[in-house]
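Colleague: Hi! Could you walk me through this one?

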Amino acid sequence: MTRTVLVARLDNAGDVLLQGPLVRAVAAGAERVVFLASPQGTAAAELLPGVDAVITWHCPWIDGSPRPVDAADLAALTERVRAEGVAEAVISTSFHQSPLPLALVLRLAGVRRLSATSVDYPGSLLDVRHRIGDDLPEPERALSLARAAGFALPPGDDGRLAVRRPLPATGRAPGYVVLHPGASVPARAWPAERCAEAVVALADAGRQVLVTGGPGERALTEAVAGTRGVDLGGETTLAEMAALLDGAAAVVVGNTGPAHLAAAVGTPVVSLFSPVVPAVRWAPYGVPTVLLGDQSAPCRDTRARECPVPGHPCLSSVTAADVVAAVEKLVTA
């Protein structure tokens with residue numbers, strides 16, 4: 001066993017949750033796993049089985065709102081990595097991100113063995129340069145990197161997403177529907193008026209609807225919940241959100257972190273999926289899913305953060321009735 005292995009994933013919470021199988025594979029072959037996460041991904045990293053410690057760091061070449069590169073900040077990171085006794089690292093990135101800047105920093109921190117998926121020639125920065133096709137679900141893509149680095153899932157591990165249990169008590173009887181209207185990327189959000197219509201339609205169909213969102217989404221969740229839903233905007237930590245999703249009959253959500261959190265607790269998902277990124281790679285993994293949204297829309301594969309097509313047709317074409325039918329399909333399956 002390698003004493004301490006660092007796993008790095010430096011973007012959002014959903015991206016971190018998708019590393020769960022990779023982390024468990026590394027943990028099966030290491031005495032200790034340290035996860036390097038962004039501020040947005042730290043709470044998700046703390047939920048992953050197999051993680052022993054988390055280092056939080058704002059990465060200037062991956063974060064969507066990057067800070068200037070700061071030599072003192074980089075020096076502090078290398079010192080923290082040294083202090084953790086990291087001997088080996090597995091750097092996980094999305095297909096459009098480079099692992100090489102972080103590999104350089106970790107080399108300077110004394111990490112002896114580095115593995116990453118890299119299109120670019122890595123020189124002496126990587127010991128294992130993994131290359132793979134693009135049309136794999138993200139958890140499988142990450143797990144293939146773990147295998148290339150010499151780590152395998154333990155016997156009996158099915159490779160699905162997972163979170164640490166037990167989760168916090170919610171005080172709610174299970175069987176409700178969670179609707180999460182927000183998204184970190186605006187192009188991936190179902191229009192708020194459609195979300196509000198779905199709350200009413202689900203309530204009319206006899207479903208209790210909980211509307212969730214982060215602290216900055218309280219106005220959105222209040223408007224979407226209206227008088228027929230329960231507004232929980234800004235009221236849950238990520239672990240509490242996981243517990244809420246765990247008790248849900250189904251979750252209605254766009255391509256954003258809570259979709260992957262729902263998959264990690266095994267709850268079926270109505271996925272309002274904007275095709276700005278491919279569903280084959282980023283749809284909820286390993287749980288029953290109904291995918292809604294025009295996957296052949298003109299925005300397809302653009303990676304756009306703001307919808308490039310007037311009217312947001314890929315998702316505005318989805319109706320409240322479509323969502324009710326999808327929920328019924330999942331609940332009665």
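Modeller: Happy to! Helices (H or I, at least four residues) and strands (E, at least two) are DSSP runs, numbered from the N terminus. This is a predicted model: local features need pLDDT of at least 70, side-chain atom pairs count only at pLDDT 80 or more, and totals for chains, interfaces and linings use all residues. Residues are numbered from 1 along each chain as its sequence is written, and side-chain values use heavy atoms, leaving out hydrogens and water.

Colleague: Is Asp301 buried, exposed or partly exposed, then, and which is His312?

Modeller: Asp301 is partly exposed, with a relative accessible area of 46%. His312 counts as buried, at 12% relative accessibility. Buried means under 20% relative accessible area, exposed over 50%, and partly exposed in between (1.4 Å probe, protein chains only).

Colleague: What about the phi of His312?

Modeller: His312 has a positive phi of about 50 degrees, although it is not a glycine. His312 also lies in the loop between β12 and α12.

Colleague: New topic: which peptide bond is cis?

Modeller: The one from Arg165 to Pro166 is cis, with omega near 5 degrees. Pro166 belongs to the loop between α6 (138-148) and β7 (177-180).

Colleague: Last one: what does the C-alpha trace span?

Modeller: About 60 × 45 × 35 Å along the principal axes of the protein.
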